Structure formats: structure tokens, C-alpha cells
Amino acid sequence: MVEKFKTELNGGKKLDLLVADTCDPAELEILYQIREGVEYFVGSETSIIIGNFQFYNALNQIKKNPEIPATKICETIVKDFINDDINSGSDDIMGCFDLTKMDDLAAKVNELATILIKIKKETGKPSFKNLKAFYEEIYWDIKKIAESIINGEVNFENSKYYRKF
């Protein structure tokens, strides 16, 4: 869809900003898929209350200055989300993502996965302290993996591949 917008409606130019007021749109897989058609993306990595975005300030900024950089609009939307009374006490996450960096991020995630696969082949199933698994251990929390590796809270510190981190 965003690629079609870019090629057919926007003269080959990427969309400056895409905002998704829905649950889980900021998954790495989704961001990677839309990177060719969008510069910046605002969305949540978690389940949120749909329809809770406060767009008034962002739209007002655009009205006052149609040439305002997308990063400023992102900042306003994210801050307004965080400061909203409904969200301020929750664990809901909202972020602005620079999709021009997605290829580099994907390469690093692939490098991490490759090392973990080698460790698994060498030592068996890798173990990480405080790691949460989702959906029958298909998905792991990458932040917890990184923290466990950095803090040495793993069962494979003697692996020859551990030093590659």
C-alpha cells in the first residue's frame, strides 16, 4: 500500500510520516516492510487503547507551518500520548521510528540471530535470565536478550561465539 502511494500518488517520493493508532504496528517486521515508502513512523510496540491518540497539537502545528519537519510532528504526537492522563500510568509504549535506519537494524538483528543459532548448535538451547517467551517460545524479547548478554546472565558464556557479542 505505501509503495503504491509512493509510486502512483506521490511522484516516487516517500511519505514523510505515517501514524498508526492501533495495537502493535511498530513491530520490527512491519517497520521493515514499509521502510521503502515511509520516512518516519509513529506507533506502539504494545497493545494500546485504540482511538486514544491526541492529534490536535500535531495538526495545529501542520496548519501553522505546512513545511514543519516530520520529526517535530512525531515528537508532538509521542509526547502528547505519554502525557495523556489515560496513558501516563500505563505500560503503553509509543515511539517515533526513523525508517531510513531499518536496513542497518535488520542487519544487526540478523547478525544476532546468526550468532544465537551457532550457540544453540554448539551448546543446546541458550538460556537468558528473566527472558519472557511468547507464543510457545517462538518470540523472545530482544531487549531482555541484550541485557542478559551484556550482564553475563546466560548459560553459554563459555561458547566460542559468545565473544562475538
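What percentage of the 165 residues of the protein count as buried? The answer is 30%, where buried means under 20% relative accessible area, exposed means over 50%, and partly exposed lies in between, using a 1.4 Å probe and protein chains only. Before I go on, please keep in mind that this is a predicted model, in which local features need pLDDT of at least 70 and side-chain atom pairs count only at pLDDT 80 or more, while totals for chains, interfaces and linings use all residues. Residues are numbered from 1 along each chain as its sequence is written, and side-chain values use heavy atoms, with hydrogens and water left out.

Let me start with the whole chain. The protein has 7 helices and 5 strands, and along the sequence they follow the pattern α-β-α-β-α-α-α-β-α-β-β-α; helices (H or I, at least four residues) and strands (E, at least two) are DSSP runs, numbered from the N terminus. If we take the contacts with a separation of 6 or more, 59% of them join residues 24 or more positions apart, a contact being heavy atoms within 4.5 Å.

An open sheet is formed by 3 strands in the order 1-2-3, with mixed pairing, and two strands pair if DSSP finds at least two bridges between them. Strand 1 (15–19) and strand 3 (95–98) stand at the edges, each with a single partner strand, so one side of each is left without a neighbour in the sheet. From one strand to the next, the twist averages 15°.

Strand 2 and strand 3 run antiparallel and are joined by 4 bridges, with Phe41 standing opposite Phe97 in strand 3. Strand 1 and strand 2, on the other hand, pair in the parallel sense over 4 bridges, and the chain passes from strand 1 through helix 2 (residues 28–34) to strand 2 in a β-α-β crossover that is right-handed, which is to say that, with the strands pointing away from the viewer, the path from the first strand over the helix to the second runs clockwise.

Leaving aside neighbours within four places in sequence, Val42 is in contact with several residues, among them Leu17, Phe53, Cys74, Ile77 and Cys96.

Key
Axes are lines fitted to C-alpha atoms, for helices over the stretch in contact, and angles run from 0 to 180 degrees between N-to-C directions.
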